[in-house]
Amino acid sequence: MTEQGFTRRQMVRSLVGGSAVFPAIVQQLLADSGDALAPKAPHFPGKAKRVIFMYMSGGASHVDTFDYKPKLAEAGKKGEKAPNGRAFLPAQWEFKPRGKSGLYVSELFPHVGECADELCVIRSMKGDHMDHFQATLGIHTGSVSFPRPSIGSWVSYGLGTENRNLPSFIVLAPKLPYAGSQVWSSDFLPAIHTGTLVEPGSEPVLNLRRRTPSDDVQRLELSLLERFNRKHLQQRTGDSDLAARLKSFETAFGMQTATPEALDLSKETDATHKLYGLERGSTQGFAWQCLVARRLIERGVRFVELIDTGSFGPANWDAHENIKSHEPLAKNVDQAAAGLIKDLRSRGLLDETLVVWTTEFGRSPYAEGTIGRGHYNRAFSSWLAGGGVKGGVAYGQTDDYGAEVAEDLCHVHDFHATILHLLGFDHTRLTFRHGGRDFRLTDVAGNVVHKILA
Amino acid sequence: MGALQRRTAGHPLLAVMCCRLNPSWLCGGVVLLALAGAAAAQNDDDFEFFERKIRPVLVQQCYVCHSAKASVVQGGLLVDTREGLRKGGSSGRPAVVPKDPAASRLLTAIKQESNLKMPPGAPLPAEVITDFEDWIRMGAPDPREGSAGPAPSPYNFEEAHKFWSFQPIRDPQPPRVQDPLWGKTAIDRFVKAKLDEKKLTPLGLASKRVLIRRATYDLTGVPPTAQQIDAFLQDASPNAFERLVDRLLASQQYGERWARHWLDVVRYADTSGCNSDFPIPDMYRYRNWVIRAFNEDKPYDQFLREQIAGDILAEELSEKNLEERQARIIATGYLANSRRFGSRKNEFHLTIEDTIDNLGKAMLGLSVACARCHDHKFDPIPNRDYYALYGIFQSTRYAFPGTEVFQSPRDLTPLGDVKEAARLRQYQEEASKLEEQKEDLVAGRASKGLSREERRKQQSALADRLALLETRFPDVPKAYAVTEGTPSDAQIHRTGNPRSLGDDVPRGWLTILGGRGLPPGEKGSGRRQLAEWVTDPSNPLAARVMVNRIWQHHFGKGIVQTPNDFGARGGRPTHPELLDYLASRFRESGYSLKAMHKLIMLTRVYRLASGHDPNNAVADPRNDHLWRFDRRRLDAEEIRDSMLAVAGTLDRTMGGRHPFPPDTKIKYSQHRPYIAGPEVFETKRRGIYLVQQRIKKQPFLATFDGADTNASTAKRTPSVTALQALALMNSSFVHERSDEMAVRVGMAHSTAAARIHYAFRLALARPATPAEIQQGVRHLAAARRAYRDAGTPAEEAPRAALASYMRVLLASNEFLYVD
């Protein structure tokens, strides 16, 4: 994988030349050809084999969800002001200790609260930018200014995938997030690692729907195409690129069936539907996304990103005017996310699946207007579950008001370094040379948070 | 290390200077430079602890503000000598007291226990703090004698000049070769000598049929027509190929193909890239300027000069030469197209970085922007050089496309007559004044003492005035370009942080390329001089980089295989003498691209077959030495344009302005960014005329590895994905083209055999074999049946079956690859 244009594929093209035995040679070529999506071993055995990355769009408040600040409530009641002159605004929801661990989770997430003993809440997150666009890029790519490969693309690049009939990195998002498709772009990594947007409906993936009126017509076309391509390849000894393209139609044909099958929830039981809070037949909301995510990772997809909503407020977490607008958003996510954790646990998948819940930044502990909160990147909360992290723990602390990280800072780069570590990567060695520089997800920073590893 | 020899006044570890916390990101390759003798000699265990654990942290974390190298030493503290640490800073208290951690202020600062918290930003990892504590307990052993003295230049430029790409361009004599077939052109002799040296036997020549397809795609990006193929095959004269090349170079399609290569390199986009991705309705003028420049064979040095300083150069022309004056202004759209950031105007330093990054890579093959935060780690580009260039662009006024907070575009350059220009200027000034006032109110700057009600009233009054003003928007011709701003030198942004300013750096040129400054009394930004410096014949990079790009687009790879990086981390030329030979001819021709194409194409090596040879494949698997011609997949635009071309529906007219919303309706935010809908994407013109957005890629181009609109694309790396197969099987684009092609073929011929034959000639540039015709006839019959079975009315089934056959041709490897 160098920029000098030398790929193993080209090497193979030359080395195995001379023979024209089919189709064995095609298989051989493909097997050896540096196939970018073939499963690959990480630097060391990782506990997590795959990731479900839930991203809350707009900036979810930490002091109203996972970072319990009783002093903030007092300060709010007494009318105390933050150093910038604004009034402290207490959490608008009650917090309770949950599970055996007694981890505090607010009433916004009662179902997630039931999973407290699975959660590792990081209360000391910090990002580099306080605008949505940049912070959204930051939490996905590690860079707040220049587009870079998404974390899902890095994971696909590092681990490949288990199922060639589905993309390795799938995004389920009802709307475009801030920064658009840059959020799941592979950027300078090979294009095959770009996130594939999957939507409910008749064409879940761009161009997936057969446009011929019957399967038969398409089969006729593909079989003639294969004959064309085989003959063409025979005359062009050992070109693995041509062989790979020949094969890609087979995969695409497989995707036409595999994708709808993965999205078809009809065989899921009523109990499962209930667990996620999903009405049978519905393809709406986070519940649908979570259940589909489980089916995708069961089928070998490496990285599934779930974005709950888009860039457009007030229908996202950007609660400038009224923090109460968090309520319907949390309701959309809560039971579904909890259902997913429970379902993964009961199916024995949670230990190898890392579930991530995050947002681009938190919200100010002081009020904007009377009951809104502003953007806040100096401190926010995220949580991890499964995949080799300790359950029932909180890592890091903010000060009494949730205003500054007071202990165990976890910068976005540290967060990324830890996720990669859980997958078996030394984040400083998962690199790609581009423009004369070895790039990595964590730029020039990042420390693995060893304390939260199980 | 190649080019880079650092003077190591202190210690080799100095080289890890740039990387905060974790130096491995690119330092893995930093060979740690000549060991300085003195310090290395004393290697007692204690000193070793210092060298391993302490010095690197001091260098990385502290030197930028606390060493003789710092542009302003903060708090009077120097940590680059033992004496400095013991003495401490302006507080008068020592920073380090041997064996007394509690009294060592350095330790309390890095533990962040007192008010003084160091370093700024993230605290040091706990293990590092423990190291410091241990070291102080040990007695703080520190071998660094005396004071550091004046900061040395980080590079030895005399040594650096010896690196191949900084050497002057030579004009080497082509070597003699035995084989008479390879003796006819200088290029062939250079190539064959290398093949002989490596004991490689080149393949034979490609057939004429292969050759016309190859040459036509290379120069125009669309396939040859059946008539063009016939004419070429029938032309038995010795200069048939030369005539073909001449015809292709004279076609408008040539400019449309080669301009796209340049647009890749300059990360062209029709939107700004800010968080709302504002459309730039006038950007297309620059795109068309590039196409015309290629078609007119504008000398390459002039091509560069106009993009850097066209607005200034326009002043040299008489008022009457309006068209050319306008063209030069439009050319500076190159600079204006730099990426925008954020929602306001306050991240402009990133836009300037993007300009410098792109100019460095595109015109010089150097990653100059790496020197934004520190001296370049591999190439001899000091931090100061970056700010010498920065000053030039800081003194330039870029057209402003609008952002979330300041919605009105401004500083566009009027192209019309004086009256129109005045109207535009007046409008822009009024609009920005109102917007600034509004923003001041919103931000609370102008609203002290106003009641909320009052403020709201004022805000709404301003909004009304803006709305009223917009109804008077002067729809006059204008360019998204740059003009001269207020000239000033830049201050260094320490560690790239624009809020931490250091020394003034006079505007000037890269030291390694001569390092000239502006003449005394210069009133301009310095772009006029920059345009000269870049294109000065003494700069070996501009010409080398461009001939390498031309070679790259003919052979699939450059002589230097990292076309944007001619620095120490880039590739070395496979044929260094050939590269210089080409650069010399380029210069001699007055920088004519068309002459360069002919020189390269009228050779034996260009006409080689793309086949296979088992022996060569083992000796040179990458074909670095050109024993054959590399087969290549068509790029995204070629695939799209070819499908339109063979369907007979390619609209060959030049594209104009995109159907963006009217200027006054352009109002976007990060919440609702501009997303070009399918209606603006659709066109049957060539792919170069498609909207290029920064926040979202055009889907077809994205699927087939199109260019990055956010950063320079030096070369397209073709991938093979199932999504591409899906697009070829199912996309509406492919289905529409195959339907059109079926109509075209069906109208032209009435028998199945004749139709298949014709379709082959259109799509694959060859006749079908009898077996292929039989196979095709069978497919048509089977497809007709399948369509009828699927409920397609009987009278429509034949056309549908023909379209089905066309789809197969359009998805075939023979169509998608060029031999």
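**Entry 1: B:Leu626.** I began with B:Leu626, which is buried, having 23 other C-beta atoms within 10 Å. For burial I used these cut-offs: buried means 20 or more other C-beta atoms within 10 Å of the residue's own, exposed means 12 or fewer, and partly exposed is in between, with C-beta atoms placed from the backbone. B:Leu626 has a positive phi, near 65°, and is a residue other than glycine. I found B:Leu626 in the loop between H25 and strand E7 (632-633) of chain B. Helices (H or I, at least four residues) and strands (E, at least two) are DSSP runs, numbered from the N terminus.

**Entry 2: what kind of model.** I noted that this is a predicted model, in which local features need pLDDT of at least 70, side-chain atom pairs count only at pLDDT 80 or more, and totals for chains, interfaces and linings use all residues. Residues are numbered from 1 along each chain as its sequence is written, while chains are lettered from A and ligands numbered from 1 in the order in which they are written.

**Entry 3: confidence.** I looked up pLDDT, the predictor's confidence in each residue, from 0 to 100. Chain A averages 90, and 92% of its residues score at least 70. In chain A, residues 1-26 have a pLDDT below 50, and this stretch has 52 contacts beyond near neighbours in sequence. A contact means that the C-beta atoms of two residues, placed from the backbone, lie within 7 Å. Chain B has a mean pLDDT of 88, with 92% of its residues at 70 or more. Its residues 1-43 are below 50, with 90 contacts beyond near neighbours in sequence. Where pLDDT is low, the predicted coordinates should not be read in detail. For the complex, the predictor gives an ipTM of 0.81 and a pTM of 0.83.

**Entry 4: chain A.** I listed twelve helices and 17 strands in chain A. Its C-alpha trace spans about 85 × 50 × 35 Å along the principal axes. Of its 454 residues, 61% are buried.

**Entry 5: helix H5 of chain A.** How many residues of helix H5 (residues 132-141) of chain A are buried? Ten of the ten are, so this helix is largely enclosed by the rest of the structure. Among them are A:His132, A:Phe133 and A:Leu137. The buried residues of H5(A) pack against helix H6 (151-159), strand E8 (353-359) and helix H12 (412-422) of chain A. After H5(A) comes A:Gly142, with a positive phi near 85°.

**Entry 6: B:Thr495.** I checked another positive phi: B:Thr495, not a glycine, has about 45°. B:Thr495 lies in the loop between strand E5 (490-493) and strand E6 (501-505) of chain B. It counts as partly exposed because it has 17 C-beta neighbours inside 10 Å.

**Entry 7: where the chains touch.** I looked up the contact, which takes 75 residues from chain B and 72 residues from chain A. Which helix gives the most to the side of chain B that touches chain A? That is H29(B), with eight residues. This side of chain B divides into 32 nonpolar, 30 polar and 13 charged residues. Here Ala, Val, Leu, Ile, Met, Phe, Trp, Tyr, Cys and Pro count as nonpolar, Asp, Glu, Lys and Arg as charged, and the others, Gly among them, as polar.
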